[in-house]
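Here is a brisk report on one chain. Have the sequence and the 3D view open as you read.

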Amino acid sequence: MLQTSSLSKSEISALQEVAERVMRQSLQALMFEGILEAQQADGEWMLLGRKEDGSPVRYTFEASVKESFGRVRLVPHSIRREGETGFSLYPFLEEVLQNRLDGAQLNAFLHELTETLVKDSQSRAAQPEQIPHSERHYEALESYMADGHPYHPSYKSRLGFSLADNEAYGPEFNREVELTWVAVNQSLIDVSLSPGLSLEGLYSQHLSREDMRRFHQTLSERGDADKTYVYVPVHPWQLENKLPNVFAEQLENGDIVPLGAAEGKYRAQQSIRTLASRANTEAPYIKLALSITNTSTSRILAHHTTQNAPLVSEWLERIVSSDAVLQGAGFRLLKEEAGVSFRYDSLPGLQYRTAYGTLGAIFRQNVSQYLQPSEEAWPLNALLLRQRNGEPFLQEAIQRHGVSKWSRELIRTVVVPIVHLLYGHGIALESHAQNIILVVEDLLPKRIILKDLHDGVRYVPSKLLHPEWQPQLHPEPETHRKFNRYSFLQTESVNDVRDYTFDAFFFICMTDICWALEDFGLSEGEFWKTCTEVILDYQRQHPEYAERYEMFDLFADDALIEEMTKRRIYGDGELYFRSALNPLRLAREAIQG
């Protein structure tokens, strides 16, 4: 790990800032999930840690339990250790977590937190004081979304990346990334395509004639003349650090032939493993397998998700294009039009387990094809961004339109398509802020576009509005279910579908937007009242779905929230969910008296 003494002055400042955030975000999650208890007295909260010798150590802080699902929110820079500020993250992790908790994955979680400290410090030090006006467009804004997950404590661990890797490939650094390619024996590749598309057509938007000439020349020199090949894009980190280790035999016998980098340069989007072409700004984005762990999740690309991607996209697009409500709202999807994956089931068992998910790609539509000249597209989590000079990204928009008008337009724009998909169609999407693109005109919310669909959908087949339209999906293999019990599309429980909307959309996405708007004077109560009014107004306009309002009850007491931190500390042996105070129910009671 990089030592503090080798950091620049700006990085030391960033280090202190990030250490405070990791501690604050950890306490918020530990308290909300009931992992640790703190006592409140005289407006101050107190939690006892434990020193190595077993003696107690007193941590105090200012916090409030919010109307938004009872989430805990600490006042920034209010944490004290024995009354003192400015202490290191490491004693905190030892005394509050390591010496008090006993979880199968605790040491791994602590490692993620310390890596988050260093990676995020490095990233923050690279951010400008203010986003240049010329960079306030979607492709560039993806590089300025430096905050990471607003709830998960290990929001930027990027395990597997060195600091040099982080600087080379982290989106916050806005480096020109090369996209490397390999040729793979066609008999070892599975390809899934949307109707009317071809891999050659997609490749033509990313590979020049010179690229194709060089690749053909390389294959003629190093490939097997008896084999037919398919070109597969690979993240340069993956090609250097993973493929040589897991595909040594295939590289030796010519089943996989490295082709080198294409001419064009790319920009890493905030998900890290999705690249956008700088040379052809209308080209599809490419989501790549990347064998690092971030936010406690491995960023591989499972075979079945690559093959399901076009199937899910075509199914959802059929729903959207035939639905008057969604069309009226201007709702669109960034379809995933192609998926390419190595056929891992052709490998021996031992190699299968190490190679699974390491070689594949998904091609996603570019947002530019859905924008009018007068429109701008923002990642929705831009609404949470406070720039390094302290100015909120939203400041100009709120000043122009006022927080009341702007927030009402935002809530209507975002909520209506999400609840209509749930109520009208029985479909929940993983609609957290990183997956939602907000389209604005004159800085006023106008409509939304959703992305990342291949494994971000949940539904009960029999409860779909059009069950006859559902695709025949490639099932996840048993090995995948064992290491990721939370990754599934189909379920038999309508509550699973509703809670998927609650968790990603209301609990994380809308709650954090609510808190961002509090800084402009909009109260939590007013925010959730507006959300509730929008939902109730929708229900009045669509009495034909009355039965489904009870089935997918957004005003229920029993909404379940995934306990992400508990899962990370104690492992996947159990499913960790908890019910939480529902702000939509409270707001409806207040409205209806």
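## Model and annotated domain

UniProt positions follow the numbering used here, feature names are shortened, and annotations may be inferred rather than shown by experiment. The UniProt record, an unreviewed entry, lists residues 138–384 as "domain: Aerobactin siderophore biosynthesis IucA/IucC N-terminal". This is a predicted model: local features need pLDDT of at least 70, side-chain atom pairs count only at pLDDT 80 or more, and totals for chains, interfaces and linings use all residues. Residues are numbered from 1 along each chain as its sequence is written, and side-chain values use heavy atoms, with hydrogens and water left out.

Over residues 138–384 the chain is 32% helix and 26% strand. The end C-alpha atoms of that stretch are 15 Å apart. Helices (H or I, at least four residues) and strands (E, at least two) are DSSP runs, numbered from the N terminus.

## The four-stranded sheet

Four strands form an open sheet in the order β1-β2-β3-β6. The pairing is antiparallel. Two strands pair if DSSP finds at least two bridges between them. β1 (39–41) and β6 (80–81) are the edge strands, and each pairs on one side only.

Inside this order, β2 (residues 44–50) and β3 (residues 56–61) run antiparallel and are joined by six bridges. G49 stands opposite V57 in β3. Helix α2 (residues 89–98) packs on the sheet and touches β2, β3 and β6. Contact here means heavy atoms within 4.5 Å. The direction of α2 makes about 110° with that of β3. Axes are lines fitted to C-alpha atoms, for helices over the stretch in contact, and angles run from 0 to 180 degrees between N-to-C directions.

## The eight-stranded sheet

A second open sheet has eight strands, in the order β8-β16-β17-β12-β11-β10-β7-β9. Its pairing is antiparallel. β8 (189–193) and β9 (229–234) are at the edges with a single partner strand each, so one side of each has no neighbour in the sheet. From one strand to the next, the twist averages 25°.

Helix α7 (residues 209–222) packs on this sheet, touching β7 (177–185), β9 and β10 (256–268). Its direction makes about 160° with that of β10. Helix α11 (residues 303–321) lies across β8, β16 (336–342) and β17 (360–364). It runs at about 160° to β16.

Follow the strands from β7. Seven bridges join β7 to β10, and the two run antiparallel. V184 stands opposite I256 in β10. Three bridges then join β10 to β11, also antiparallel, with A268 opposite L275 in β11. β10 and β11 form a hairpin with five residues between them. I272 in the turn has a positive phi of about 75°.

β11 (residues 274–277) is joined in turn to β12 (residues 285–288) by two bridges. L275 stands opposite I286 in β12.

## Nonpolar cores

In soluble globular proteins, nonpolar side chains tend to be buried together. A nonpolar core is a set of buried Ala, Val, Leu, Ile, Met, Phe, Trp, Tyr and Cys residues joined through side-chain atoms within 4.5 Å. Buried means under 20% relative accessible area, exposed over 50%, partly exposed in between (1.4 Å probe, protein chains only).

The largest core has 124 residues; L97, W378, F506 and M510 touch the most other members. Helix α17 (residues 494–518) gives the most to this core, with 14 residues. Beyond its neighbours within four places in sequence, M510 is in contact with I411, V414, V415, F505, F527, W528 and C531. A second, separate core of 51 residues includes F161, Y231, V257 and L347.

## Cysteines and a buried proline

How many disulfides does a search of the whole structure find? It finds zero, where a disulfide is a pair of cysteine sulfur atoms within 2.5 Å. For both C509 and C514, the closest cysteine sulfur is in C531. The distance from C509 is 9.8 Å, too far for a bond. From C514 it is 7.8 Å, also too far. C509 is buried, at 2% relative accessible area, and C514 is buried at 1%.

P153 sits in the loop between α4 (138–144) and α5 (163–169). P153 counts as buried, at 1% relative accessibility. Setting aside neighbours within four places in sequence, its contacts are Q25, S26, A29, F109, L113, T116 and T565. P153 and L30 are 123 residues apart in sequence, yet 9.4 Å apart in space, C-alpha to C-alpha.
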